[in-house]
Amino acid sequence: MITYNKVNEENGWLSNMSAHSINYENKIWRTAEALFQAMRFNDETIKEIIRNEKSPMGAKMKSKKHKNSYAIELRSAEDIENMKLCVKLKLEQHPDLKRRLLATGDNEIVEDIGKRNAPNHLFWGKRNTNNGWIGTNTMGKIWMEFREQLKIENLTEMN
């Protein structure tokens, strides 16, 4: 099992909070987290407030501050598709991450949410309890989905 939690840990590059900037619609976003949070809004002013935030946690907090203006439902199919786009762009714009993702082999990838127990955290990741892991691990599943796509692309290129 490959787990990640904090960006300064071994697999921290998997985190949306990692310092991998993303160019999206001709704008630079400092992190996937900032872009993902901004994609929850239609209001360009709010999007820019989030984009201009220096830290990924700050971007997340700015988003929460404006939660009454969310244009999509959290954890919905649209929210998941936005997350997939952020991961896709991160991989495309940082090719070294493709190599690192492939190096995870067939191991399960889990966003380890630590002791956090909120429904949002249990949706995106998993929490290790005395009875084993609980949570949906949507982020881990997204990473594993992209890993499988990369494997197929590599096989196609080899033939």
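1. A polar contact is a pair of N or O atoms within 3.5 Å; within protein, one atom must be able to donate a hydrogen and the other to accept it. In this predicted model, the side chain of N137 supplies an example: one of its polar atoms lies 2.8 Å from the backbone oxygen of I109.

2. The setting of N137 deserves attention. The residue is placed in the loop between β6 (132-134) and α7 (138-158). Its relative accessibility is 1%, and N137 therefore counts as buried, the cut-off for that class being under 20%. Residues up to four places away in sequence being left out, N137 touches E108, I109, V110 and E111, as well as L122, F123, W124, G125, K126 and M144.

3. T3 is located in strand β1 (residues 2-4) and, at 30% relative accessibility, counts as partly exposed. Apart from neighbours within four places in sequence, T3 is in contact with N11, V110, D112 and W133. The C-alpha atom of T3 is 9.6 Å from that of K126, although 123 residues separate the two along the chain.

4. On the packing of helices, α4 (residues 77-93) and α5 (residues 95-102) have axes 4 Å apart and meet at an angle of about 105°. Angles of 65 to 115 degrees count as roughly perpendicular, and α4 and α5 are therefore placed in that class. On the α4 side the contact is made by K90, L91, E92 and Q93, and on the α5 side by P95, L97, K98 and L101. Sorted by class, this contact comprises four nonpolar residues, one polar residue and three charged residues.

5. The structure contains ten salt bridges. One of them joins E48 and K27, with an N to O distance of 2.9 Å. E48 belongs to helix α2 (residues 44-51) and K27 to strand β3 (residues 27-29), so this pair ties together parts that are 21 residues apart in sequence. E48 is partly exposed at 21% relative accessibility, and K27 is likewise partly exposed, with a relative accessible area of 30%. A salt-bridge network links K27, E48 and R51.

6. A further salt bridge is formed by D79 and R40, whose closest N and O atoms are 2.8 Å apart. D79 lies in helix α4 and R40 in the loop between α1 (32-38) and α2, so the pair connects parts 39 residues apart in sequence. Both D79 and R40 are buried.

7. E145 has a relative accessible area of 32% and is partly exposed.

Methods
Residues numbered from 1 in each chain as written. Predicted model: local features only at pLDDT ≥ 70, side-chain atom pairs only at ≥ 80, totals over all residues. Heavy atoms only, no water. Axes fitted to C-alpha atoms, helices over the stretch in contact; angles between N-to-C directions. Helix = DSSP H or I, 4+ residues; strand = E, 2+ residues; numbered from the N terminus. Parallel < 35°, antiparallel > 145°, perpendicular 65-115°, else oblique. Contact = heavy atoms within 4.5 Å. Nonpolar A, V, L, I, M, F, W, Y, C, P; charged D, E, K, R; others polar. Buried < 20%, exposed > 50% of the residue type's maximum accessible area, 1.4 Å probe, protein only. Salt bridge = Lys/Arg side-chain N within 4 Å of Asp/Glu carboxyl O.
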